[in-house]
Amino acid sequence: MKNIRKYLYPILILIIFEAVAVTLWLTKNNLFYLFNFSYIGLSVSLGMILFIRKYKHARRIVQLLVGLYMLVYLGLICNENMQIEGFWYYLFTGVFEAATIHYAVAKIFGPLIFGRGWCGYACWTAMVLDFLPYKVPAQPRKKIGWIRYITFAVSLIFVATLFLAKAGNIERIMFWAFIAGNIVYYGIGIILAFAFKDNRAFCKYICPITVFLKPMSYFSMLRVQCNKDLCVNCGKCKQVCPMDVDVTDNSRSRKNGTECILCMECVKNCPKKAL
Ligand code: SF4
Ligand code: SF4
Ligand code: SF4
């Protein structure tokens with residue numbers, strides 16, 4: 001009984017993903033959804049179990065399991081553009097498939113429940129960036145977050161132009177846009193990480209998806225909270241945070257609160273178990 005209680009959250013997450021998997025399988029009459037969401041649910045639950053068992057690389061395991069699946073299987077093998085351009089593409093065609101479902105679950109409505117869990121555990125761009133040496137930013141945060149609105153607008157204009165120009169074989173163009181987009185993201189992400197001495201610089205300043213993620217995660221049910229009775233203000237949590245979050249402030253408007261990727265580094269490193 002004690003063991004079941006200990007693993008309650010991974011079990012709960014698995015049940016939620018299975019519910020989504022079965023619902024989409026039956027409503028869309030497509031077995032792929034059963035496989036897809038079961039796989040992701042199992043990967044996330046496995047990561048949570050490893051975390052509970054205090055395995056150091058639990059988050060990275062999930063990130064690789066989900067990130068590689070999205071990038072290699074869905075993107076390269078199944079030719080699904082799961083980047084923001086793919087979302088616009090399916091949105092314009094009025095089809096609730098692949099990228100639209102993915103965005104609805106992981107990046108638009110899901111963050112109301114699990115915040116930016118996508119960024120900590122599944123994103124294939126961050127999966128590579130997290131291998132770089134600057135796990136904790138070595139420089140103060142820059143005030144250039146506005147760039148994300150430009151990249152967001154560029155992605156929208158790019159896909160809208162294809163539709164307005166009635167471009168032929170847009171599906172093929174979207175596949176190549178996925179390849180090119182990833183090469184550009186990785187290139188810029190790696191250059192910025194070294195320039196700013198911060199693995200997550202791309203996430204903080206460039207990534208267009210944060211235009212969805214940030215406002216939605218503001219209302220996230222899942223948040224790291226600080227027990228003020230236990231906290232001794234040692235500052236360790238802020239020193240290890242890759243996203244510069246003021247995690248000791250429990251208010252929703254805490255500094256960089258919508259940047260939290262739920263990596264749990266602060267929780268693991270708090271000497272007083274206050275988080
Ligand atoms: S901010 Fe963008 S690039 Fe960074 S982890 Fe989130 S979705 Fe991926
Ligand atoms: S690491 Fe723990 S004790 Fe130290 S400031 Fe953060 S929450 Fe408080
Ligand atoms: S260290 Fe804590 S506050 Fe910072 S991103 Fe990770 S979970 Fe969020």
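## A walk through the ligand shells, helices and domains

The shell around ligand 2 holds 8 nonpolar, 3 polar and 2 charged residues; here Ala, Val, Leu, Ile, Met, Phe, Trp, Tyr, Cys and Pro count as nonpolar, Asp, Glu, Lys and Arg as charged, and the others, Gly among them, as polar. This is a predicted model, in which local features need pLDDT of at least 70 and side-chain atom pairs count only at pLDDT 80 or more, while totals for chains, interfaces and linings use all residues. Residues are numbered from 1 along each chain as its sequence is written, and chains are lettered from A and ligands numbered from 1 in the order in which they are written.

Let's stay with the ligands for a moment. Ligand 2 is surrounded by 13 residues, and the closest are Cys231, Cys234, Lys236, Cys237 and Cys270; a residue is near a molecule if its C-beta atom, placed from the backbone, lies within 6 Å of it. Around ligand 3 there are 14 residues, with Cys241, Val245, Cys260, Cys263 and Cys266 the closest. The shell of ligand 3 divides into 13 nonpolar, no polar and 1 charged residues.

Ligand 1 has Cys119, Cys123, Thr125, Ala126, Phe202, Cys203, Cys207, Ile209 and Thr210 around it. At least two residues of this shell come from each of α9 (124–129) and α12 (201–205); helices are DSSP runs (H or I, at least four residues), numbered from the N terminus. By class, the shell of ligand 1 has 7 nonpolar, 2 polar and no charged residues.

Now turn to the helices. Two packed helices are described by the angle between their axes and the distance between the axes. Helix α2 (residues 8–28) packs against α3 at an angle of about 175°, and their axes are 7 Å apart. Axes are lines fitted to C-alpha atoms, for helices over the stretch in contact, and angles run from 0 to 180 degrees between N-to-C directions. α2 and α3 are therefore roughly antiparallel, a term for angles over 145 degrees. Among the residues that meet are Phe17 and Trp25 in α2 and Phe37 and Met48 in α3; contact here means C-beta atoms, placed from the backbone, within 7 Å. This contact has 19 nonpolar, 3 polar and 2 charged residues.

Helix α3 (residues 31–52) also packs with helix α4 (residues 58–77): their axes come within 8 Å and cross at roughly 170°. This pair, too, is therefore roughly antiparallel. The contact includes Tyr39 and Phe51 of α3 and Arg59 and Tyr69 of α4, and by class it has 11 nonpolar, 2 polar and 1 charged residues.

How do the axes of helix α5 (residues 84–93) and helix α6 (residues 98–108) cross? They come within 7 Å and cross at roughly 115°. That makes α5 roughly perpendicular to α6, the term for angles of 65 to 115 degrees. Gly86, Phe87, Tyr90 and Leu91 of α5 make the contact with Ala98, Ala99, Thr100 and Tyr103 of α6.

Finally, consider the domains. The chain is divided into domain 1 (1–55), domain 2 (74–217) and domain 3 (224–275), with bounds from an automatic or database domain assignment. The centres of domain 2 and domain 3, taken over C-alpha atoms, are 26 Å apart. Their contact takes 14 residues from domain 2 and 11 residues from domain 3. On the domain 2 side, α8 (117–121) and α13 (210–217) are the elements that give two or more residues, and α8 gives the most, with 3 residues. That side of domain 2 divides into 3 nonpolar, 5 polar and 6 charged residues.

Note on methods
Parallel < 35°, antiparallel > 145°, perpendicular 65-115°, else oblique. Contact = placed C-beta atoms within 7 Å.
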